[in-house]
Amino acid sequence: MTLKVKAVFVCTLAFLALSGSSGRNATAELVIIYTGDSGGEVESCGCSDLAYGGLARRASLVNVIRANHPAAVFVDAGDFFSPNVGEQDRLKNEITAEAYGAFAYDAVNLGEDDFNFGADFLESLVDSYGIPVISANISAKNDKPVAPPFKLISRGDVKVGVVGFLNPEVVASKGLSGATVKPYKKPLAEATRALAAEADVVICLAHIGNVEKARAFAARCPEEIDVVIAGHRGGRTPQAENVKGRWMVYTRSRNRYVGMLKLTLDDSRNVVAAENQVLPVTRETAKDEATQVLVEKYHAELRKLVEEKKLLKSPEEVPPDGFIYVGSSVCAGCHSLQTNRWQRTAHATAYESLLGAKRETDPECVACHVTGYGFRGGFLNAARTRDRLGVGCEECHGPGEGHAQSPAIKTQPTAAATCTRCHDEERSPAFDYGKYRDAIKH
Ligand code: HEC
Ligand code: HEC
Ligand code: HEC
Ligand code: HEC
Ligand SMILES: [Zn+2]
């Protein structure tokens with residue numbers, strides 16, 4: 001379909017006026033809800049107000065949008081599995097797949113991370129949960145496509161085609177486990193041509209690379225494509241960008257945002273305007289009950305897994321300077337003033353925060369909420385190492401064996417980097433060394 005696109009952002013009033021009309025000849029609105037790069041994030045850590053997310057909250061946000069726009073198309077640009085390959089990631093992927101099946105997506109594109117546990121693992125979950133995967137350029141061992149190249153969906157009197165592909169450049173040399181990714185140009189052109197014969201609007205789920213790559217792709221992709229929904233890692237496009245007559249948006253990672261793109265179609269179904277919204281999943285976003293059941297299942301199974309496979313590191317590694325951790329109670333013996341002050345900070349009760357979240361055995365949480373995790377003399381468990389719970393003295397001053405025996409041996413100097421190991425961009429987006437240091441003065 002040819003495009004007559006103007007870079008206009010249509011205001012809400014105009015939408016209200018438009019949505020009242022119906023019939024083939026009238027203008028129409030098409031809402032696309034999009035996600036991508038979920039990365040197996042079943043539940044986020046909740047370390048700060050700005051870092052909420054997770055499957056249950058995201059699901060309820062999508063449900064609200066869908067209640068307001070029942071004809072919305074719901075798609076994912078790929079990488080719904082974790083980028084990592086540990087036992088915990090396998091479990092996250094299984095839970096994510098079950099949730100993705102229940103979410104009633106219209107189409108889910110495949111990214112390279114979706115093959116991290118092999119094509120067979122992916123296929124069995126896709127089959128069990130009925131995830132509507134698509135991909136124009138990935139084939140399995142027997143050279144058969146792993147998924148259909150596209151989906152054709154009817155929404156009212158608008159026919160929507162969705163095609164997806166994976167850019168081989170993002171796969172890197174390791175390749176896909178149990179599958180092969182091929183150059184995408186030819187299969188994508190074939191798929192879009194086939195789709196354009198039937199569809200009024202063609203959406204391309206482009207697992208392409210960063211935003212620049214996405215823009216470059218949108219500028220020279222098959223002309224039948226009306227909308228590019230790009231993904232992989234890193235990028236944000238608060239507004240829909242008009243690139244040479246087609247609209248491009250980029251997905252945000254780890255279930256923390258939901259994208260909503262509203263298209264206005266004229267009477268011959270050309271896209272004449274687009275309005276993009278990127279909705280954050282926050283602490284206030286309710287948890288969808290059905291999805292929360294899966295999240296609880298994840299936690300229950302993770303507990304079992306941690307126990308069976310001993311996923312929590314035991315304190316074996318010797319810290320870099322050769323001294324081992326002795327625990328905050330030893331420091332208290334000579335530094336009662338500092339200890340009293342430290343006890344009033346959030347660091348002292350950081351382990352309680354994990355208890356509150358019922359995630360005190362989650363290997364992905366404890367490292368920053370206890371003292372000396374994985375190192376000799378460090379945290380072992382709540383019963384045996386009580387004074388290694390929370391962010392103790394030695395997390396900032398270094399393992400204290402030497403200094404505690406002979407104070408002439410200096411502790412490790414502190415600096416901003418002491419903090420940003422834990423106060424990273426993701427968990428502590430408001431971190432400011434000056435302000436934060438004043439707040440823990442002792
Ligand atoms: C036996 C008593 C004693 C113990 C136990 C002790 N300190 Fe000290 N600490 C001192 C003394 C004395 C000084 C002052 C040293 C100086 O001024 O030369 C000091 C100084 C420090 C300083 C200032 C910087 C430096 O290195 O001189 C820090 C920080 C510190 N201690 C942290 C700790 C921590 C953390 C622990 C627990 C692992 C600890 N101390 C255990 C006696 C102790
Ligand atoms: C081992 C990880 C770790 C290190 C290192 C660390 N922090 Fe923290 N910090 C935390 C955690 C975890 C919390 C949240 C505690 C809670 O409430 O559960 C926190 C909370 C805080 C808070 C309170 C924030 C609030 O909104 O209440 C301040 C302030 C803070 N840290 C400052 C610092 C400074 C300054 C440094 C470096 C000198 C530092 N932290 C180093 C893990 C760390
Ligand atoms: C890389 C370090 C790191 C990891 C890993 C981490 N946290 Fe945190 N967490 C922090 C820091 C830093 C803060 C304090 C943030 C701030 O206030 O700036 C925090 C704060 C929190 C808080 C307190 C929020 C509040 O209300 O004050 C909770 C709860 C929490 N984390 C839970 C978790 C859970 C659950 C996990 C595992 C999924 C986890 N954390 C993993 C660093 C970490
Ligand atoms: C979150 C990081 C952090 C934790 C936890 C922490 N400190 Fe500190 N501590 C600092 C920083 C930062 C300074 C300031 C250093 C500076 O300004 O040179 C400091 C300073 C000190 C000093 C030197 C005070 C002075 O007057 O020079 C002592 C002693 C000390 N801390 C002991 C402790 C003890 C004991 C504990 C545990 C009860 C503890 N600290 C926990 C970060 C921390
Ligand atoms: Zn990817």
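Author: A residue is buried if 20 or more other C-beta atoms lie within 10 Å of its own, exposed if 12 or fewer, and partly exposed in between, with C-beta atoms placed from the backbone. This is a predicted model: local features need pLDDT of at least 70, side-chain atom pairs count only at pLDDT 80 or more, and totals for chains, interfaces and linings use all residues. Residues are numbered from 1 along each chain as its sequence is written, while chains are lettered from A and ligands numbered from 1 in written order.

Reader: What makes strand 10 mostly covered?

Author: Five of its five residues, 227–231, are buried. Val227, Ile229 and Gly231 lie on one side, Val228 and Ala230 on the other. Strands are DSSP runs of E, at least two residues; helices are runs of H or I, at least four; both are numbered from the N terminus.

Reader: How do you know that strand 9 and strand 10 pair?

Author: Pairing takes at least two DSSP bridges between two strands. Strand 9 (201–207) and strand 10 have five, so they pair, and they run parallel. Ile203 has Val227 as its bridge partner.

Reader: Why is the crossover from strand 9 to strand 10 called right-handed?

Author: With the strands pointing away from the viewer, the path from the first strand over the helix to the second must run clockwise. The β-α-β path through helix 7 (211–220) is right-handed, so it runs clockwise in that view.

Reader: What joins strand 10 to strand 12?

Author: Four bridges do, and the two strands run parallel. Ala230 is partnered with Tyr250 of strand 12.
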